[in-house]
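Please look through the model before reading the notes. They are meant to be read with the sequence at hand.

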Amino acid sequence: MPQVTPQYLAQRRASILAAAARCFAANGFHATSIPDICAEAGMSAGGVYRYFAGKDELIAELGDSVMTPVLRALRTAASADPVPGPAEVIDLIHRALLTEGSSSDASLILQVWAEVVRNPGMRESLHRHVVELVDALSEFTRQWAPSENESAETAARALMAMSMGTFLMQNVLEAETQPTPTQTLLDSVSVLIRHR
């Protein structure tokens, strides 16, 4: 019998995860069953359970996989010269979330965010990712306003909130129309803030 390599095992896990993502995006976490995922992956239940303990583990790993490309892209962009501005960083986050060929789409991203409300494991995982994301975004906010270094983390959290809001606006509320450009949304927020 040929030896099973770590690469093969990783590919099988990735294949199952991609199948689960397609099922979850189409039908939601709670309406998707393990047999649905098995059928989509072209595997038996035993094959899927060899790699994942169950649906909750698949959901948690999908949540992790959504953030990995975002953090990688932000770390790379923070060392660019010139450093990207706020709208460019937000667009970068969205592109990384929705990378062509990835298992992510807007529906899946929103489900991951919503799952945090009811799933303690996902909440703990999200907390870890928020810490990493705030750290990565702080690299930008420090460069944009060096004299405000002590408020870099708060500014990073505001940027994260704007990113989530623009993601929802552009990919859900405006999904059937031409999305409002990120820079336009940020310019409008600036106008509102000046007139508070």
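This is a predicted model: local features need pLDDT of at least 70, side-chain atom pairs count only at pLDDT 80 or more; totals for chains, interfaces and linings use all residues.

1. Overall content. The chain holds nine helices and zero strands. Read from the N terminus, the order of elements is therefore α-α-α-α-α-α-α-α-α. The C-alpha trace spans about 65 × 35 × 30 Å along its principal axes.

2. Burial and contacts across the chain. The chain has 196 residues, and 38% of them count as buried. Take the contacts between residues at least 6 apart in sequence: 65% of these join residues at least 24 apart.

3. How to read the helix pairs. Two packed helices are described by the angle between their axes and the distance between the axes.

4. Helix α7 with helix α8. The crossing in which α7 passes α8 is right-handed.

5. Residues between α7 and α8. On the α7 side, the contact involves Val130, Leu133, Val134, Leu137, Ser138, Thr141, Arg142 and Trp144. On the α8 side, these meet Ala152, Glu153, Ala155, Ala156, Arg157, Leu159 and Met160. By class, the residues of the contact of α7 with α8 are ten nonpolar, two polar and three charged.

6. Helix α5 with helix α8. α5 passes α8 in a crossing that is right-handed. From α5, the contact uses Pro86, Val89, Ile90, Ile93, His94 and Leu97. From α8, it uses Leu159, Met162, Ser163, Thr166, Phe167, Gln170 and Asn171. The residues of the contact of α5 with α8 divide into eight nonpolar and five polar, with no charged residues.

7. Helix α6 with helix α8. Helix α6 is made up of residues 106-118. The crossing of α6 and α8 is left-handed. Ala106, Ile109, Leu110 and Trp113 of α6 make the contact with Met164, Phe167, Leu168, Asn171 and Val172 of α8. In the contact of α6 with α8, eight residues are nonpolar, one is polar and none is charged.

8. Glutamate 115. Is glutamate 115 buried or exposed? Glutamate 115 lies in helix α6, and its relative accessibility is 2%, so it counts as buried. With neighbours within four places in sequence left aside, glutamate 115 is in contact with Phe29, His30, Ile59 and Met122.

9. Alanine 136. This residue lies in helix α7. Alanine 136 has 1% relative accessibility and so counts as buried. Leaving out neighbours within four places in sequence, alanine 136 is in contact with Leu71, Leu74 and Arg75. Alanine 136 and alanine 18 are 118 residues apart in sequence, and their C-alpha atoms are 27 Å apart in space.

10. Cysteines. How many disulfides does the model have? The count is zero. A disulfide needs two cysteine sulfur atoms within 2.5 Å. The sulfur of cysteine 23 has its closest cysteine sulfur in cysteine 38, at 9.4 Å, and this is too far for a bond. Seen from the other end, the closest cysteine sulfur to that of cysteine 38 is in cysteine 23, at 9.4 Å, again too far for a bond. Cysteine 23 counts as buried because its relative accessibility is 8%. Cysteine 38 also counts as buried, at 5% relative accessibility.

Methods: Residues are numbered from 1 along each chain as its sequence is written. Side-chain values use heavy atoms; hydrogens and water are left out. A crossing is left-handed if the near helix is turned anticlockwise from the far one by less than a right angle, and right-handed if clockwise. Helices (H or I, at least four residues) and strands (E, at least two) are DSSP runs, numbered from the N terminus. Contact means heavy atoms within 4.5 Å. Ala, Val, Leu, Ile, Met, Phe, Trp, Tyr, Cys and Pro count as nonpolar, Asp, Glu, Lys and Arg as charged, and the others, Gly among them, as polar. Buried means under 20% relative accessible area, exposed over 50%, partly exposed in between (1.4 Å probe, protein chains only).
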